[in-house]
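Student: I have a structure open and would like to talk it through. Can we start with the overall picture and then go residue by residue?

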Amino acid sequence: RLTDCGRRQEELSQAVDRIGECAAEAGKIVKAMEAASFQCSVLARTAYVEAAGAGINGKGFAIVASELRMLASRSAQSAQDAAAFMAEMERTVRESAALAAAAFREVHGLSAAGDAVCRRAAGAARDAGQAEELKESVRQAACLEEAMEAELARTGRAAQTARQIKARVGKLRDALGVFRLR
């Protein structure tokens, strides 16, 4: 069981690493969105200047400037929202990884204690005069087994959290897919 737990811990660690890589890629997308927003803002100002210089004939420039300004505003807001989401996701990934590592350490400790109890129980079984000690050792082993199962359940919850974060990253990537990096 401890070997399975160790393997699951390693798989969880790899999943968290992959989520971190996805977060880095999403960060690049956010930077591209910020750059696009800034460029739209500059183009809007230029169009306003051209509209003002053209007088009555500059109405088309004024419309373009207005649309560019709105696009720049939406792009800036999307970049801020994405950056906030990324920060929250990064915090959640770090917490999940820490919880999983702590759970693994606890399970490992419980397993070592369980091994000691089993050795004690085996020694007590050899001595028929110590039947009460054997009974107590068995009871302790059962308690440790319950504790180990509880820790394994917590590790499973941490893995579930990591999968949910990965799904959120996928949704963010889909939402940000309209922007292209050059």
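Tutor: What follows is a walk through the fold, the core and the salt bridges of this predicted model.

Student: What is the secondary structure of the protein?

Tutor: The protein has three helices and zero strands. Read from the N terminus, the order of elements is α-α-α.

Student: And what is the mean pLDDT of the protein?

Tutor: The mean is 76, and 81% of the residues reach 70 or more.

Student: Which helix has the lowest mean pLDDT, and which the highest?

Tutor: Helix 3 has the lowest, at 74, and helix 1 has the highest, at 81.

Student: How many of the residues count as buried, as a percentage?

Tutor: Of the 182 residues, 29% count as buried. The protein exposes about 11600 Å², and carbon and sulfur atoms supply 57% of that area.

Student: What share of the contacts comes from residues 24 or more positions apart?

Tutor: Such pairs make up 80% of the contacts with a separation of 6 or more.

Student: On to the core. Which residues in the largest nonpolar core touch the most other members?

Tutor: That core has 22 residues, and the ones touching the most other members are Leu12, Ile19, Met86, Met89, Val93, Leu172 and Leu176. Helix 1 (2–54), helix 2 (59–126) and helix 3 each supply at least two residues of the core.

Student: Which helix gives the most to this core?

Tutor: Helix 1, with nine residues. On the general side, nonpolar side chains tend to be buried together in soluble globular proteins.

Student: Take Leu172. Where does it lie, and is it buried or exposed?

Tutor: Leu172 is part of helix 3, which spans residues 131–175. Its relative accessibility is 10%, so Leu172 counts as buried.

Student: What does Leu172 touch, beyond residues up to four places away in sequence?

Tutor: Leu172 touches Ala26, Ala82, Phe85 and Met86. There is also a pair to look at in space: Leu172 and Ala23 are 149 residues apart in sequence, yet their C-alpha atoms are 9.6 Å apart.

Student: What about Met89, leaving aside its neighbours within four places?

Tutor: Met89 is in contact with Ile19, Ala23, Ile165 and Val169. Met89 is also one of the core residues that touch the most other members.

Student: Changing topic. How many salt bridges does a search of the whole structure find?

Tutor: It finds three. In one of them, the side chains of Glu25 and Lys28 meet with an N to O distance of 3.3 Å.

Student: Where are Glu25 and Lys28 relative to each other in the helix?

Tutor: Glu25 and Lys28 are three residues apart in helix 1, so about one helical turn separates them. Glu25 is partly exposed, with a relative accessible area of 35%, and Lys28 is partly exposed as well, at 46%.

Student: Which residues are linked in a network of salt bridges?

Tutor: Glu88, Arg91 and Glu95 form that network. Between Glu88 and Arg91, the closest N and O atoms are 2.4 Å apart. The side chains of Glu95 and Arg91 meet at 2.3 Å, N to O.

Student: How are these residues spaced along helix 2?

Tutor: Glu88 and Arg91 are three residues apart in helix 2, which means they are separated by about one helical turn. Glu95 and Arg91 are four residues apart in helix 2, also about one turn of the helix.

Student: How accessible are Glu88, Arg91 and Glu95?

Tutor: Glu88 is partly exposed, with a relative accessible area of 36%. Arg91 counts as partly exposed at 32% relative accessibility, and Glu95 counts as partly exposed at 40%.

Notes. Residues are numbered from 1 along each chain as its sequence is written. Side-chain values use heavy atoms; hydrogens and water are left out. Buried means under 20% relative accessible area, exposed over 50%, partly exposed in between (1.4 Å probe, protein chains only). Contact means heavy atoms within 4.5 Å. A nonpolar core is a set of buried Ala, Val, Leu, Ile, Met, Phe, Trp, Tyr and Cys residues joined through side-chain atoms within 4.5 Å. pLDDT is the predictor's confidence in each residue, from 0 to 100. Accessible areas come from the Shrake-Rupley method with a 1.4 Å probe; for residues, only the protein chains shown count as cover. A salt bridge is a side-chain nitrogen of Lys or Arg within 4 Å of a carboxyl oxygen of Asp or Glu.
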